[in-house]
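Me: I would like to learn how to read the features of a structure one by one. Please give the general idea each time, then the case at hand.

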Amino acid sequence: PRSTLFPYTTLFRSLQTVFEEGDMMYVISVSSADPQMGSVSGGGSFRSHQQVTVNAALNEGYRFVMWTEDGAETSNEASYMFYVSGARALTAVFEPIVYSVHIAGAEHGTGAADPAEATIGTTVSLSATPDQGYALKEWSVVSGGPVSVNADGTFTMPPRDITITPVFEKIYNVIIGDVEGGKVTATPASGITGTEITLTYEATKGWKLDRKSTRLNSSHLAES
């Protein structure tokens with residue numbers, strides 16, 4: 001006679017086959033510890049034993065460190081491949097890259113950067129010490145540009161090493177010759193080439209400035 005257990009035995013084997021083939025679904029969630037530093041992809045719902053690869057993409061100025069799960073490191077590869085055996089919550093950890101600021105040698109003075117090492121977006125302050133008789137004209141970027149140095153000597157650190165040098169120029173004095181019928185002053189009284197000088201004339205009573213006879217002679221600029 002035919003066994004009455006046959007249908008149940010067949011059903012059991014069918015269910016066993018379904019589970020053995022990995023039809024159990026699990027959620028693999030991925031997140032970035034700091035979205036400003038990098039992003040992640042590859043999460044979703046997957047069958048048991050299915051091969052999955054999660055990816056971490058870093059932003060400029062940052063590097064990938066590791067994948068963690070429950071605070072423990074699981075992989076130091078940005079593309080992490082594994083086989084699903086259960087639900088997982090993975091976090092990608094990034095860190096900023098530290099770049100250097102190098103001050104190249106300059107004639108007639110020295111320069112310094114604070115800090116000398118910085119991460120992207122950090123404000124770096126430059127200072128210059130000119131030799132006697134010289135003044136800072138500008139900062140020149142040797143490599144790692146473009147970088148815009150502000151009037152106060154600060155700039156924002158780019159995502160790369162940078163070499164910069166101070167440019168110094170000789171200071172000249174403005175010498176006022178003998179003036180009949182008044183007094184002339186120069187503001188400022190000294191400066192580097194290109195400095196704007198304002199001359200002010202104060203006439204003695206009974207005198208006025210004759211602009212037609214006013215002359216500027218470059219030989220009146222003397223080295224300090």
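Reply: Start with exposure: a residue is buried under 20% relative accessible area, exposed over 50%, and partly exposed in between, using a 1.4 Å probe and protein chains only. By this scale serine 143, at 34% relative accessibility, counts as partly exposed. The model is predicted, so local features need pLDDT of at least 70 and side-chain atom pairs count only at pLDDT 80 or more, while totals for chains, interfaces and linings use all residues. Residues are numbered from 1 along each chain as its sequence is written, and side-chain values use heavy atoms, with hydrogens and water left out.

Me: Where is serine 143 found, and which residues is it in contact with, leaving aside neighbours within four places in sequence?

Reply: Strands (E, at least two residues) and helices (H or I, at least four) are DSSP runs, numbered from the N terminus. Serine 143 is in strand β13. Contact means heavy atoms within 4.5 Å. Leaving aside neighbours within four places in sequence, serine 143 is in contact with Asp161, Ile162 and Thr163.

Me: What does the secondary structure of the protein chain come to, and what share of its residues is buried?

Reply: The protein chain has 1 helix and 20 strands. Of its 224 residues, 25% are buried. Among contacts between residues at least 6 apart in sequence, 51% join residues at least 24 apart. Accessible areas come from the Shrake-Rupley method with a 1.4 Å probe, and for residues only the protein chains shown count as cover. The protein chain exposes about 14700 Å², and carbon and sulfur atoms supply 51% of that area.

Me: How many salt bridges does the structure hold?

Reply: Side chains of opposite charge can pair when their charged atoms come close. The criterion for a salt bridge is a side-chain nitrogen of Lys or Arg within 4 Å of a carboxyl oxygen of Asp or Glu. The structure holds 3 of them. In one, glutamate 95 pairs with arginine 63, with the closest N and O atoms 3.5 Å apart. Glutamate 95 lies in strand β8 (residues 88–96) and arginine 63 in strand β5 (residues 62–69), so this pair ties together parts 32 residues apart in sequence. Glutamate 95 is partly exposed at 33% relative accessible area, and arginine 63 is partly exposed at 36%.

Me: Is the pair of arginine 88 and glutamate 69 buried or exposed?

Reply: Arginine 88 and glutamate 69 form a salt bridge whose closest N and O atoms are 2.7 Å apart. Arginine 88 lies in strand β8 and glutamate 69 in strand β5, so the pair ties together parts 19 residues apart in sequence. Both arginine 88 and glutamate 69 are buried.

Me: Which side chain meets glutamate 169 in a salt bridge?

Reply: Lysine 137 does, at 3.5 Å from N to O. Glutamate 169 is in strand β15 (residues 162–170) and lysine 137 in strand β13 (residues 134–143), so distant parts of the chain, 32 residues apart, are linked. Glutamate 169 is buried at 17% relative accessible area, whereas lysine 137 is partly exposed at 43%.

Me: What else does the side chain of glutamate 169 reach?

Reply: A polar contact is a pair of N or O atoms within 3.5 Å; within protein, one must be able to donate a hydrogen and the other to accept it, and residues adjacent in sequence count only if both atoms are side-chain atoms. The glutamate 169 side chain reaches the backbone nitrogen of threonine 193 at 2.8 Å. Serine 75 is in strand β6 (residues 72–75) and is buried at 10% relative accessibility.

Me: Which residues have the most contacts inside the largest nonpolar core?

Reply: A nonpolar core is a set of buried Ala, Val, Leu, Ile, Met, Phe, Trp, Tyr and Cys residues joined through side-chain atoms within 4.5 Å. The largest has 15 residues, and those with the most contacts inside it are Ile28, Val54, Trp67, Phe82 and Leu90. Strands β4 (51–58), β5, β7 (79–83) and β8 each supply at least two residues of this core. Apart from it lies another core, of 13 residues, including Ile97 and Phe155.
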